[in-house]
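Me: I would like to learn how to read a protein structure, one feature at a time. Can we go through one together?

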Amino acid sequence: MKMTLMGTGTSHGVPVIACSCEVCKSTDEHDKRLRCCALLEHEGKKFLIDVGPDFRTQALKFNLCSLDAVFITHSHADHLHGIDDLRIFSHKNSAAMCKDSVIKSKYPETSGEGLPVYTSERTKGYIHERFPYIFVDHEKGGGIPKLNLIGMDSNSSENPLNLCGLKVVPIPMLHGNHHTIGFVFTSTGSDGSPHSIAYLTDCNFISEESLAEVKKAGGQIEHLVIDALREREHSSHCNFLQAMGYAEQIGARHTWFTHLTHDKKHGQIQSYINDHLAEFPNLSQIVKNGGSVSPSYDGLILQA
Ligand SMILES: [Zn+2]
Ligand SMILES: [Zn+2]
Ligand SMILES: [Zn+2]
């Protein structure tokens, strides 16, 4: 299983339009962050996580030629408003995934037409409201994406979604007043044991139950990608120390901050993490044993 982080920036991206701060003027490629988006590849299948306004740019930059399914964390514009650009993928080869007998038997409403888009029932409702033109009867002609929205509310560590051997568990989280879901993806590694990647954005509160779900989802958590907006507190995003607090409890081998804003350069974020690591005994031990806690960046590839 391989995850490519195609975007690691906050809602307006970095650099921010019309901003001339040191971070936005930085020439370090690590400081150029598109909106949050990730690509997960497993056994030749490609799964997208979130489809924000930079999706077209990301698809071209990372040479994306096919998609088998999409996962959506929540309905905020920076995670959703590239949905129209799924058109090319939904018309090209989405049927292959829908014909999968696992999907068909699990979700009998799947017609075999349209790219599967997995999200919470709540977010499904928002997508219908916000993009009605996608779902109403229309003239044929290929001008709109053909999507099959599938709710994940019945999935959990006890009942994971199974996509061609990849297990997916949704993790309910709070993002200010907004409900979001993170995901834990688990596959069987070359050693025969399960390995996971946890992708948790956007959030500023993860309940004990949800933290337990992350750990129960399966096997060694190789990578945790977690919302960590900035040093200062925020009403709907984890700041750096909150993210480290959750990482301390989750205990992944590698923790990566995402959804980063333009308050600090990439190198300054790493220095901040290093300066505060001693406050987190579990993370300190993980780092001593060869693990890491770092800011992510666009193009980062995670293997598990
Ligand atoms: Zn966001
Ligand atoms: Zn700036
Ligand atoms: Zn959000």
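Reply: What follows takes the metal sites, then a sheet, then a helix. Keep in mind that this is a predicted model.

Me: Which residues coordinate the zinc ion (ligand 1)?

Reply: To read a metal site, list the donor atoms. Here they come from Asp-78 (OD), His-79 (NE2), Asp-202 (OD) and His-259 (NE2), at 2.1 to 2.2 Å. Along the chain these donors follow the spacing D-H-x122-D-x56-H. The site links distant parts of the chain: His-79 is in helix 2 (residues 77-80), and His-259 is in the loop between strand 12 (254-258) and helix 10 (266-276), 180 residues apart. Both of these residues, His-79 and His-259, are buried.

Me: Why is the arrangement around the zinc ion (ligand 1) called irregular?

Reply: Start from the ideal: four tetrahedral donors have angles of 109.5 degrees. Around the zinc ion (ligand 1) the four donor atoms subtend angles of 90 to 166°, which makes the arrangement irregular. To count as tetrahedral, all angles must lie between 85 and 135 degrees.

Me: What are the protein donors of the zinc ion (ligand 3)?

Reply: They are His-74 (NE2), His-76 (ND1), His-175 (NE2) and Asp-202 (OD), lying 2.1 to 2.4 Å from the ion. Their spacing along the chain is H-x1-H-x98-H-x26-D. The angles run from 91 to 172°, which makes this arrangement irregular. Asp-202 bridges the zinc ion (ligand 3) and the zinc ion (ligand 1), and the two ions lie 3.4 Å apart.

Me: Is His-74 buried or exposed?

Reply: Look at the relative accessibility. For His-74 the value is 0%, so His-74 counts as buried. His-76 has a relative accessible area of 29% and is partly exposed.

Me: Now the sheet. In what order do the seven strands come?

Reply: Strands of a sheet pair through backbone hydrogen bonds, either parallel or antiparallel. Here the order is 7-8-9-10-11-12-13, in an open sheet with mixed pairing. Strand 7 (161-163) and strand 13 (292-295) are the edge strands, each pairing on one side only. From one strand to the next, the twist averages 20°.

Me: How many bridges join strand 12 to strand 13?

Reply: Four, and the two strands run parallel. His-254 stands opposite Ser-292 in strand 13. Strand 12 also pairs with strand 11 in the parallel sense, over five bridges. There, His-223 stands opposite His-254.

Me: Which residues lie on each side of strand 12?

Reply: In a regular strand the side chains alternate between the two faces of the sheet. In strand 12, His-254, Trp-256 and Thr-258 are on one side, with Thr-255 and Phe-257 on the other, and all are buried. Five of the five residues are buried, so strand 12 is largely enclosed by the rest of the structure.

Me: Last, a helix. Which residues of helix 8 are buried?

Reply: An α-helix has 3.6 residues a turn, so residues three or four places apart point the same way. In helix 8 (residues 208-216), the buried residues include Ser-210, Leu-211, Glu-213 and Val-214. Seen down the axis of helix 8, the buried residues fall within an arc of 155°, so they line one face of the helix. On the other side, Glu-208, Glu-209 and Lys-216 are exposed.

Me: What covers the buried residues of helix 8?

Reply: The cover includes strand 8, strand 9, strand 10, strand 11 and helix 9 (240-250). Just after helix 8, Gly-218 takes a positive phi of about 150°.

Key: Residues are numbered from 1 along each chain as its sequence is written. Chains are lettered from A and ligands numbered from 1 in the order in which they are written. This is a predicted model: local features need pLDDT of at least 70, side-chain atom pairs count only at pLDDT 80 or more; totals for chains, interfaces and linings use all residues. Side-chain values use heavy atoms; hydrogens and water are left out. Donors are N, O and S atoms within 2.8 Å of the metal (3.2 Å for Na, K and Ca); water is not among the atoms, so sites may look incomplete. Four donors count as tetrahedral if all angles lie between 85 and 135 degrees; four count as square planar and six as octahedral if opposite donors are over 155 degrees apart and all others between 65 and 115; anything else is irregular. Buried means under 20% relative accessible area, exposed over 50%, partly exposed in between (1.4 Å probe, protein chains only). Two strands pair if DSSP finds at least two bridges between them. Axes are lines fitted to C-alpha atoms, for helices over the stretch in contact, and angles run from 0 to 180 degrees between N-to-C directions. Contact means heavy atoms within 4.5 Å. The arc is that of the directions from the helix axis to the C-beta atoms.
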